[in-house]
Amino acid sequence: MATLRELKGRIGSVASSEKITGVMRMTSSAKMHKAEQMLKQLVPFRSQVETIIGNLLSADAAFSSPLLDEREVRNATVVVWGSDDGLCGAYNVNIFKQLMALLGTLRAELGDAAEIRIIPVGAKIAKAVGKLSMAGVSVATYENISAKSDDAAVREFTRSLVDSFLSGSTDRVELLYMNFKSVSRQSPRVDTLIPVTTEALGGDKDAASSRPYIFEPDVNTIFNKVLPMYILSVMQEVFCENRASEQAARVMAMQSANDNAKKLLDQLRLEYNKLRQQSITTELLDIVGGQVR
């Protein structure tokens with residue numbers, strides 16, 4: 001049975017843990033809101049790009065781009081996002097499970113002859129992916145890219161992916177990341193970045209076709225200028241989605257840890273008070289027994 005001194009030490013330790021998890025929860029919450037605001041700021045840019053592309057698609061003119069070319073997939077690239085830091089619950093574990101499911105789907109679709117290259121973004125997911133040992137699956141890392149990369153690094157990373165597709169090094173680029181919906185809800189999502197499909201471009205073609213536009217210099221030139229902007233906007237949004245989702249997962253993990261610390265603290269205090277009361281009662285009985293004798 002624990003002594004009063006031992007219980008007092010445990011209470012102090014758990015109380016400190018409660019304070020630490022509370023501070024970490026508030027810090028993660030602030031970071032999550034910051035990432036959420038950045039995500040909202042990206043929406044107008046992407047919406048404008050999609051509007052321009054919608055107008056171009058509705059124009060009665062021929063256009064083409066090598067980024068639209070769908071070819072036989074012999075080499076596929078999967079970019080998977082995780083976290084750089086820990087203490088975010090099962091965030092990276094869930095992403096890794098989705099990655100394994102995606103690899104199985106790609107293998108069934110493309111056949112055993114296809115080569116699949118995985119590019120992890122985030123130190124934790126990179127560590128997990130590095131342990132993979134599957135036939136036809138390789139892992140490539142980029143030193144200057146991480147889950148916390150700034151706009152310049154994201155732009156350079158996106159350019160390298162586009163160049164690998166244009167050069168024929170890869171025939172498809174898939175993105176696997178956590179889609180941020182709320183602080184308590186994030187879901188894995190897979191998007192095809194390249195080749196770009198007309199379905200992905202979307203846009204309200206009927207609304208666009210109802211407005212007369214004059215394109216200068218021509219539709220094809222404008223389309224090939226705007227399409228890389230669209231790809232970049234998608235990548236920027238994915239990075240922000242990952243940051244927001246990671247911090248949301250950390251908020252929930254720290255909230256759970258904080259709640260558990262409070263429960264444990266209440267139990268220890270109750271046990272301490274019972275033991276203290278028992279000790280006082282024993283001392284009183286000893287005093288009374290001595291006076292009687």
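**Entry 1: second largest pocket.** I looked up what lines the second largest pocket, and helix 7 gives the most, with 5 residues. This is a predicted model, so I noted the rules: local features need pLDDT of at least 70, side-chain atom pairs count only at pLDDT 80 or more, and totals for chains, interfaces and linings use all residues. Residues are numbered from 1 along each chain as its sequence is written, and side-chain values use heavy atoms, with hydrogens and water left out.

I got about 200 Å³ for the volume of the second largest pocket (the space filled by probe spheres set on grid points joined across faces, edges and corners). Of its 13 lining residues, Arg 46, Arg 189, Asp 191, Tyr 230 and Val 234 are the closest to the centre. Strand 5 and helix 7 are the elements giving two or more residues to this lining. I count helices (H or I, at least four residues) and strands (E, at least two) as DSSP runs, numbered from the N terminus. A pocket here is an open set of points on a 1 Å grid where a 1.4 Å probe fits, with protein on both sides within 12 Å along at least five of seven lines; lining residues have an atom within 4 Å of a point.

**Entry 2: Asp 191.** I found Asp 191 in strand 5. Its side chain makes a polar contact with the side chain of Tyr 177, at 2.7 Å (N or O atoms within 3.5 Å, one able to donate a hydrogen and the other to accept it; residues adjacent in sequence count only if both atoms are side-chain atoms). Leaving out residues up to four places away in sequence, Asp 191 touches Val 173, Glu 174, Leu 175 and Tyr 177 (heavy atoms within 4.5 Å).

**Entry 3: strand 4.** Which residue in strand 5 is the bridge partner of Leu 175? I found Asp 191. Strand 4 (residues 172-182) and strand 5 (residues 185-194) pair in the antiparallel sense over 9 bridges (pairing takes at least two DSSP bridges), and they form a hairpin with 2 residues between them. Strand 1 (residues 75-81) pairs with strand 4 in the parallel sense over 5 bridges, and there Val 80 has Leu 176 as its partner. Strand 4 is mostly covered, with 9 of its 11 residues buried (under 20% relative accessible area, with a 1.4 Å probe and protein chains only).

**Entry 4: Val 238.** I placed Val 238 in helix 7 (residues 219-292). Why does Val 238 count as buried? Because its relative accessibility is 2%. Apart from neighbours within four places in sequence, Val 238 is in contact with Trp 81, Leu 175 and Tyr 177.

Methods
Buried means under 20% relative accessible area, exposed over 50%, partly exposed in between (1.4 Å probe, protein chains only).
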